[in-house]
Amino acid sequence: MATILVCHGAWSGGWSWKRMRGPMAARGHELLTPTYTGLGERSHLASPAIDLETHVADILSVLEYEDLGDLVLLGHSYGGMVATAVADRAPERVKSLIYLDAFVPEDGDSVLEIRPASQAERMREIVSRLGDGWRLPPQDLAPDVTPEDAEWLTPLRNWMPFKAFLQRLRLTGGGAGITGAYIHCTRKTDEDPFAPMAARIRARSGWRVYEMDAGHTPNITAPEALADLLDRIIAGDSVG
């Protein structure tokens, strides 16, 4: 059995992983899905002061207070920024990393700097025009999200503190020895910011890259298929 700690994506929360809990438990794994400050059930704490470091501190606190170790750390989308920082600062607690259609930052990167420039500029304009200068409304849902699921998801998604996308990540190299896998979701209709991230991982020794025929949120649209793939990845990690 593996303990998997999810660093969720932007505009979302641990609640968006509810469909994965049963399938992962059925495969013998424990799935932990905390929510960042200012989002989900913690959206009442939203403020312009929230940044990437706030969310990194959220997850580091979970590790400390739950006394977690030997973890599989999973970063989804924006959560790849958070997971990378957590692995860098608490490498003794992390067994392996899994990036799910996620950003894979290097030292000094911010979300806006590793997105396509056209997307970054559009986000800045929206924050200035609609977000009071500090928050970004949710982006469109993935193309494979059903109308029924869109009805469930839309009222629960929160505006994202934009400072979390602007702040540069500082890495010490502490997590450099941790390896794992990247899952690239290929069902996209717009410019894909995660294809370059998969390529970045392919260039790293000891890592594996998988492709999944799903949109950006397979935890919602393909939970059984994602659980099967995660189970395979974890089994491969355990046998080296």
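Tutor: Start with β1 and β3, which run parallel and are joined by five bridges. Keep in mind that this is a predicted model.

Student: What makes β1 and β3 a pair?
Tutor: Pairing takes at least two bridges between two strands. β1 and β3 have five, so they count as paired. One of the contacts in this region is L5, whose bridge partner in β3 is L73.

Student: How do you know which strand pairs with β1 in the parallel sense over three bridges?
Tutor: That strand is β2. Three bridges join β1 and β2, and the cut-off is at least two. In β2, L5 has L32 as its bridge partner.

Student: What joins β3 to β4?
Tutor: Six bridges do, and the two strands run parallel. H76 has L100 as its bridge partner in β4.

Student: What is the order of the strands in the open sheet?
Tutor: The six strands follow the order β2-β1-β3-β4-β7-β8, with parallel pairing.

Student: Why is one side of β2 and of β8 left without a neighbour in the sheet?
Tutor: β2 (30-32) and β8 (208-212) stand at the edges, and each has a single partner strand, so one side of each has no neighbour in the sheet. From one strand to the next, the twist averages 20°.

Student: Why is β3 called largely enclosed?
Tutor: Buried means under 20% relative accessible area. Six of the six residues of β3 are buried, so the rest of the structure largely encloses this strand. Both faces are covered: L71, L73 and G75 are buried on one side, and V72, L74 and H76 on the other.

Student: What lies across β3?
Tutor: α3 does, and it also lies across β1 and β4 (94-100). α3 runs at about 150° to β3.

Student: Now a helix. How do you know that the span of α2 is close to the expected one?
Tutor: α2 (residues 52-65) has 14 residues. At 1.5 Å a residue, 20 Å is expected, and α2 reaches 20 Å from its first C-alpha to its last.

Student: Why do we say that the buried residues of α2 line one face?
Tutor: Seen down the axis, they fall within an arc of 150°, so they line one face of the helix. These residues are L52, H55, V56, D58, I59 and L63. On the other side of α2, E64 and Y65 are exposed.

Student: What covers the buried residues of α2?
Tutor: The cover includes β1, β3, α3, β6 and α7.

Key. Residues numbered from 1 in each chain as written. Predicted model: local features only at pLDDT ≥ 70, side-chain atom pairs only at ≥ 80, totals over all residues. Heavy atoms only, no water. Helix = DSSP H or I, 4+ residues; strand = E, 2+ residues; numbered from the N terminus. Expected span 1.5 Å × (residues − 1). Buried < 20%, exposed > 50% of the residue type's maximum accessible area, 1.4 Å probe, protein only. Arc of directions from axis to C-beta. Contact = heavy atoms within 4.5 Å. Axes fitted to C-alpha atoms, helices over the stretch in contact; angles between N-to-C directions.
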